[in-house]
Amino acid sequence: SRNGEARCEFLVFETWSVCFVEREGILQANEYALSRDALGELVRGFEESLEDGDESGVAVLACDLYRALIAPLEPLLTDVRTLVVAPHGPLVDLPFAALGVGGALVERFAIATAHPSIQSLYEDDAGLAPNSVVVMGDGATTEDLKIAPVEGRDAVESVDYRHGEALDIGQLVTTTGGGRFVHLVGHPVDGPGYVLRDDGETTSVLDLATALGASGALCLTTINPIRASLERDRIGLSLAGVRGGLLASGWPVTSGNEFVHGFFSRAAHGSRRSALVNALAETQRAFIANEAPVWQWAGFRLFVPEID
C-alpha cells in the first residue's frame with residue numbers, strides 16, 4: 001500500500017470472518033466471531049432500509065456494521081487517509097462509505113473498492129488521454145448529464161458527445177480517443193455488454209475495454225446501476241481497460257447526473273488513481289454537507305483492480 005493508505009481485505013467463512021490489513025508493507029489480521037449468515041442478515045437489513053428510505057434504520061445499521069467490522073481495526077488505521085477495501089461474500093455490495101457512528105466513514109477516509117480484474121488491456125505507449133470527457137450513447141445529451149458547467153478554467157478542457165456510427169465496434173478506439181474520462185449512457189445487458197445505440201445493438205465490455213486501453217482513458221463512469229455481486233465480469237473487464245478505475249452506483253439514484261457532474265469537476269486535473277479516489281470522497285462529503293439522504297451518495301463506488 002502507498003503512504004497514508006491501508007488495504008483491508010475481508011474474508012467471510014461459514015462460522016467466522018477475518019480482515020487482513022496491509023499498511024506500508026506490514027500485514028496484520030483481525031479475526032471476527034461473525035458468521036456468513038450473521039453478516040448477511042446485517043447487510044440485508046441495511047440494504048432494505050436504504051430501499052425503503054428509512055433514515056433511522058440506515059443510521060442504526062450503519063452504526064452496527066461499523067462497530068462489527070471497522071471499530072476493531074481502528075488501532076491499525078491511525079493517520080490513514082485512504083482505505084482500499086476488498087470485500088468478500090455478503091460484504092461485496094456493502095457501501096462501506098456510509099458506515100459509522102455519528103458520521104460516515106467517508107468523512108474520515110477516501111475509499112476505493114478493490115475488485116478482481118483480468119490482465120491489463122491498456123497500452124503503455126498510448127499515453128494518458130487529454131483532460132476531457134467523452135460521453136458515449138445515442139441517448140446522451142448535454143441536458144441529460146448537465147455537464148457543460150464542468151468545462152472551462154479549473155475543469156476539463158472539453159466534453160464531447162459520440163452518437164450513431166461513432167458507436168460502431170470498428171470505430172470504438174477512435175470514439176473513446178481524447179477522453180481521460182469516458183461516460184456511458186445506455187443500459188447494461190448480459191454478455192456482458194451495453195446497449196448504447198437506439199437500434200439496440202450491443203457493445204461488448206471486452207471490445208469497449210480494449211478500445212479504452214488503446215486510447216489512454218483514466219476512468220470509466222456510468223449512472224446505470226452495477227451490483228458487484230452480480231456483475232463481477234462486467235467490472236473486471238472494464239477495469240482492464242482503464243488506468244484508474246470504474247465509477248458506478250450499486251442502485252438507481254435520482255441524483256446520478258448531479259453526482260457524476262460533481263465527480264468530474266473534482267477529478268478534472270487528475271492523472272492518477274489517487275485523484276479519482278479523492279474526487280469520489282470529496283463529492284460524497286459535499287452531498288453529506290448538503291444533508292442529502294444517504295441513498296443519494298452512498299451507492300457510488302470507485303472500483304479499482306485487485307492487483308495494482
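Predicted model: local features only at pLDDT ≥ 70, side-chain atom pairs only at ≥ 80, totals over all residues.
Strands here are DSSP runs of E with at least two residues, and helices are runs of H or I with at least four, numbered from the N terminus. Two strands pair if DSSP finds at least two bridges between them. Let's look at one pair: β13 (residues 245-249) and β14 (residues 300-305) run antiparallel over four bridges. Leucine 247 sits opposite leucine 302 in β14.

## Two loops to visit

Glycine 191 and proline 192 are joined by a cis peptide bond, with omega about -10°. You will find proline 192 in the loop between β9 (187-189) and β10 (193-195).

Aspartate 79 is not a glycine, yet its phi is positive, near 70°. Aspartate 79 lies in the loop between α2 (55-70) and β4 (82-86).

## How to read the model

Residue numbers start from 1 along each chain as its sequence is written, and side-chain values use heavy atoms, leaving out hydrogens and water. Local features need pLDDT of at least 70 and side-chain atom pairs count only at pLDDT 80 or more, while totals for chains, interfaces and linings use all residues.
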